[in-house]
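The sequence and structure come first.

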Amino acid sequence: MNLKPEYRLKVLINEVFNYRRAVVGLFVVVNVVALILGLVWPKGYSSSTTILVDDKKIIQPLMQGAAVATEVADRARLAREVIFGRKIMNQVLEDTGWMAVKRTPEEVGEIVEKIRKRTSIASLGKDIIKLEYRDDDAERAFKTTKKLAELFISESLGAKAAESQAAFDFIDKQTEEYHDKLLKAEEQLKEFRTANLDARPGSDVDISTRLNTLQTRIEQSAQDLKEAEVKKASLEKQLSGEAEVANVLSREGQYRTRIAELQSQLETLRLSYLETYPDIVRIKHQIEDLNEAIAEDRKARSAAKATGRVTVDDSVVNNPMYQQLKRDLSQAQITVDTLNARISEAKRQLQQELERGKRVHGGEATMSELTRDYQVNRDIYQDLLKRRENARVSMNLDREKQGLTFKIQEPALLPLEPTGLRFIHFVVGGLLAGILLPIGLIYAKLQAEPRIYVGQLISEKHKLPLLAIIPHMWSPADIQAVRREVGWLTLTTSITVLVVAAVSVLRLVKVI
Amino acid sequence: MSKIEKALNKARATGSLRIASPHSDQTEGDKQLTTTSSSSMPVSANDIEQRVSASALIARMREIAPLDRHALTQNRLIHPEMGENGTVRAFREIRTKIIQKTQGRNCIIMVTSVTGEGGSSFVALNLSAAFAFDAGKTALLMDCNFRNPFLHKLFTARNEPLHGLTDYLENTDIDIADIIHPVGIERLRVVPSGGRREIPAEYFTSIKMKRLLDSIRQRYRERYIILDAPPMTESADTQIIADLCDYVLLVVPYGQVTDAQIDACAHAIGEKKLLGVVFNNERVPPDLGWRNLLRNPLAFIARAFNQ
């Protein structure tokens, strides 16, 4: 129904009048319900406290990497878990006077449920938890809130300390285990090494180097041997062609050589000087002297020959060449023998090394496995040692209450004014809703129904001649009945309002 | 004007013109109506003479004892004593508009509602009564709503069985005069639906029906014939009855019909025959006399709770 405002109000008034009984009935019902709700609604004193959870204290950057701070992802959820736990709840019941009277377990359960419902825990930002508790007793609200916050803090810290203690214990146990393993591995390695002294890491390299050296040495020696043999053969050959003794040049020969020399000097001098030059004369004399000496020597020699005596001067000496070759040959023989001995020694060593190599290869596989085990265990053990120290520091942090701290930012206060929905809200709300709800419903009905409530619309919308709008015919009896009805309805409304007012006044003077 | 006065004087002298109601309101209203009708169209001397004679005829109509106010109220009938009541004013308005439209000639008007419970019988009855307010006019109301007849309720006081339209159409022995009954309102005659509730639609198309309407119309020059027909959306007869009539008056009840229904009905009737639309039963709160509350609160409250 899309009506112009002037029609809308008129139709609304008409319809409200038509549904007058329902309107008044709804008014009464709404008010009574609101009144009852207002009376039974818990008065609602609420006390709140905010807890600052600070895990970024100065210790944190200092201990970076060394200690692991407990992660708190959703603090409110965590707080809820902790606070609503049986332990804290029981403590709160004890301390806030709920248990002053003896109660059955069922009652206790109900009270706990009630406290849970009335407690709201919310995260205000990252590090602040707001804890709020509503109660109809102001003092109890205050006490409960305070107690909840305190218990939450102590419980959280305790839990954290226990957690880091558990972590430390675990790591410690692991460390011990690995320590044992490491010891065992070391022992095994030792035993193996004792059994296989050769088997050291890198032995095979040693062996191969040594093999190479020996090989080279053998080759070198063989080469030398071959050379020495060739030399020996050659010396032997030469020795066979050489005379054992050789004639040494006689004194005569020496004289002649001297003469030749002097002759040559004379020739040189004659080129420059005359025959009379002293030097030339001297040389001539010398040559004559020498010639005489030769003649004498010949004489002596022929005399000796005749007697058959050997003169010293004119002896047959052993051949020096022969002697030299003989010596060389002997030397070559020694060399050949030495080289032969060396080669055989090297071959023996080579054989030995090869055998050793075989032995080493067998042990190396076992050795590397043992070593690997040992290394792995050692690495883990070292890592665990480091971790254990970290855990110890973390544990100490928590024990000293240094890691994650809780601070009550805003302490709980004793609420003086009730909060939340109060009685007056219900009364005013009831009166307003009592009026607005029926009118709203009627308005909604008019909006939803595409029916014609205004006569003028027929001529306006459908262009049909509207002869007349006939109002409902109220006979005097009808009017009287309506008047009576309106009277009763007014009376009902008035009584309702009066009752609401009276109850409000009673509530105000705290009778109810 | 002088001629009218002369004629009226003459009628008064001969006693043929009888002012039915002693109430001044009604006389005034009727006078007003007369003047409006006479001023809206030129009336010849002959016409006036005829009207005077018609009035004389009407005045001689046989009447039974008039219904008392209680009976009128019970049947939700308007009467001149109601004064400046909104309902009375509305019906007078309709009457005036009809007379303007028909230019004073009598006619057959069918009153139908868009939906059932639309109040077409109420409108038809009161419209007839409004016509009958005028001493110079008479109205005849015919109940054609056989499924849900209404007019027989007017005769509950009388125990004698009354012949109605269905009886007439079925039975040749019954005369027109036998089915037209006075109801205790001056100048208003009524044809009830009759004994049988179901008659075939063919009866309406019969010559007998047509002849009945013609003869009723011609009986009095100033007689307005009003047919109370079943709702448009509920009966096919309505369309047939509409063909017999000069005009159709469509009743739109308050808060019950949609735009589409009105459009459909207006279309079915046709622009030519549709006299107009009456928005019925607008639920305005009655005047409860709140003024008295301020003037004399105790008395008002006492009156409110007194039986």
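Which unit do E6(B), helix H12 (residues 259-269) of chain B and E7(B) make? They make a right-handed β-α-β unit; a crossover is right-handed if, with the strands pointing away from the viewer, the path from the first strand over the helix to the second runs clockwise. Helices (H or I, at least four residues) and strands (E, at least two) are DSSP runs, numbered from the N terminus.

This is a predicted model, in which local features need pLDDT of at least 70, side-chain atom pairs count only at pLDDT 80 or more, and totals for chains, interfaces and linings use all residues. Residues are numbered from 1 along each chain as its sequence is written, and chains are lettered from A and ligands numbered from 1 in the order in which they are written.

Six of the seven residues of strand E6 (residues 247-253) of chain B are buried, that is, with 20 or more other C-beta atoms, placed from the backbone, within 10 Å of their own. Two strands pair if DSSP finds at least two bridges between them.

| Strands | Bridges | Direction |
|---|---|---|
| E1(B) and E6(B) | five bridges | parallel |
| E6(B) and E7(B) | six bridges | parallel |
| E1(A) and E3(A) | eight bridges | antiparallel |

Val111(B) stands opposite Leu249(B) in E6(B), and Val251(B) stands opposite Val278(B) in E7(B).

In chain A, four strands form an open sheet in the order E2-E3-E1-E6, with antiparallel pairing. Its edge strands, E2 (119-124) and E6 (405-410) of chain A, each pair on one side only. Ile51(A) stands opposite Ile129(A) in E3(A).

Notes:
A residue is buried if 20 or more other C-beta atoms lie within 10 Å of its own, exposed if 12 or fewer, and partly exposed in between; C-beta atoms are placed from the backbone.
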